[in-house]
Amino acid sequence: MKRLLSLLCVLALTLSCACAMAEEEERITITIMRDYIAPPESDGEILQYMCDKYNVDFEIIYIERGNWNESISTKFAKGEIGDIIDVKGLDLLYTYVEQDLLAELPPEFLKENAPFLYNEYVKEDETHALRYTTIDGKNYGLPNITGNNFHKVIAWRGDWLTKLGFDKAPETLEEMEAALYAFTTQDPDGNGVNDTYGMSQTGMEMVYGAYGYLPDLWQERDGKLVYGAVQPETKEALATLAKWYADGVIDPEFVTGENQGGYYAISHSFNNNRIGLTCLGEYYHWKPVFYPGDSKSEVYLELQKANPEALESIMYGIPVTGPEGKSGMQGSAVINAASTVAFGVQLEDEPERFARILQVYDEISSSYENYLESIFGIKGVHWDFDAETGFPGLINDNDSKSVARLGIVSGFECNEYTYLRAKPRIDWAYEKKLDVGVLSDQLLVPLASAADYQDELDKLRDETFTKIIRGDLPVDAFDDFVTEWFAKGGQQLTDEANAWFVTLSE
Ligand SMILES: [Ca+2]
């Protein structure tokens with residue numbers, strides 16, 4: 001009886017709390033334009049749960065993933081602007097601000113309403129992540145922050161290397177060349193047919209890196225920012241690649257890539273014994289499945305099915321070192337403004353609703369379990385902590401698509417959560433040395449003229465480099481390309497990049 005009474009008391013208290021809360025704040029609707037791997041259902045179980053838990057109505061405006069830019073622009077043109085919007089690119093952030101689609105998010109307003117997020121973003125001056133989403137002195141969003149900086153996986157066919165007399169993955173450009181030539185000429189798969197190549201498209205990045213500059217990165221050179229594609233060292237890299245191509249070492253189909261459909265990070269050329277080196281895919285695609293419900297591992301699982309011997313034998317390499325001792329591949333940026341959460345311009349006129357949205361986003365992000373619910377769904381129904389390892393994983397046959405359909409509402413993942421929920425895979429990436437030889441894009445802000453020039457310049461670069469590698473143009477055609485690049489807007493971009501770069505040291 002005593003127990004029943006106290007239970008009634010608790011109930012009464014809970015009810016009165018709920019009533020008081022309902023009186024205090026009106027239940028608002030929050031529209032979301034974020035990236036979903038599958039279209040969410042408006043009455044999805046997870047979405048309903050999140051609405052009830054946070055006492056708001058989340059409404060998802062689905063943007064077709066494969067056609068993101070066009071699809072979201074069409075909605076914007078119709079005046080349909082979400083409250084929370086995924087912005088997928090610095091140039092887009094700039095464009096949207098110019099088109100007056102985004103609300104300014106002053107750091108002080110963030111601090112007031114989302115103290116947890118504020119602390120994550122504005123730790124100390126030099127890591128002030130909001131600097132990267134600030135345009136003309138106004139902040140327009142929350143960039144993505146990741147604690148780890150890994151380059152793509154460098155996977156060598158260990159069985160081929162061993163068979164041909166190499167006892168480890170190549171570490172220098174010279175060793176790389178020797179291995180690739182052997183893969184091409186010495187029938188590593190032993191079928192008596194001349195049907196293998198050294199590498200295809202994705203092996204090229206570390207060749208450029210071995211000469212010091214990557215063709216699509218802004219890097220520091222003598223105190224200034226320079227674009228990798230137009231550095232003289234890149235001409236040397238192209239000469240090497242052209243020689244390899246002429247000698248039949250590079251897959252003649254390299255232009256069409258290594259993936260023939262299905263999940264984008266799978267290299268069919270590698271899986272089907274056509275090439276012996278691939279750098280397609282991130283660490284989380286290649287890692288083994290560490291515990292029941294451990295997500296990702298798309299490449300690992302596919303290779304396990306298609307070619308278990310190859311999987312078993314893989315030797316993970318580091319970016320090879322070139323003649324001047326340089327090496328590198330692009331890392332995943334620690335602060336990635338190209339993946340920014342922004343807020344619809346309508347919120348500028350609704351400061352109370354804007355404040356409430358930030359409060360909810362802060363609450364979703366500020367505890368580990370809240371965050372896990374936001375990406376996996378209801379604990380015990382869609383996900384749970386693994387009894388043995390303690391790591392969270394999807395259960396009851398759920399996968400990333402099914403929980404997307406049920407309406408997850410992803411919060412902000414701080415570094416601590418990444419490590420808490422994914423320690424085995426991050427440890428794996430360090431064990432495979434994916435943090436060694438990382439080059440980062442040192443330009444971290446949108447350039448005012450990027451929208452005018454970048455696409456055309458990228459196209460010019462890609463077409464010219466392909467022609468040089470295939471021998472359709474001589475290597476010296478690089479010199480004309482450099483002149484044309486600067487004349488067609490490259491000089492303007494370089495000037496703008498450096499105008500920003502000097503402000504870093506001010
Ligand atoms: Ca063969």
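## Model and confidence

Residue numbers start from 1 along each chain as its sequence is written. In this predicted model, local features need pLDDT of at least 70 and side-chain atom pairs count only at pLDDT 80 or more, while totals for chains, interfaces and linings use all residues.

The average pLDDT (the predictor's confidence in each residue, from 0 to 100) of the protein chain is 92, and 94% of the residues score at least 70. Over residues 1-20 pLDDT stays under 50, and the model has 0 contacts there beyond four places in sequence; a contact means C-beta atoms, placed from the backbone, within 7 Å. Where pLDDT is low, the predicted coordinates should not be read in detail.

## Strands E8 and E9

Helices (H or I, at least four residues) and strands (E, at least two) are DSSP runs, numbered from the N terminus. Strand E8 (residues 218-221) runs antiparallel to strand E9 (residues 224-227), and 4 bridges join them. The two form a hairpin with 2 residues between them, where Asp222 in the turn has a positive phi of about 50°. Glu220 is opposite Leu225 in E9.

## Helices H19 and H20

Helix H19 (residues 450-470) packs with helix H20 (residues 477-504) at an angle of about 170°, their axes 9 Å apart. Axes are lines fitted to C-alpha atoms, for helices over the stretch in contact, and angles run from 0 to 180 degrees between N-to-C directions. H19 is therefore roughly antiparallel to H20, a term for angles over 145 degrees. Residues making the contact include Tyr453 and Leu457 of H19 and Phe481 and Trp485 of H20.

Terms used
Parallel < 35°, antiparallel > 145°, perpendicular 65-115°, else oblique. Contact = placed C-beta atoms within 7 Å. Pairing = 2+ DSSP bridges.
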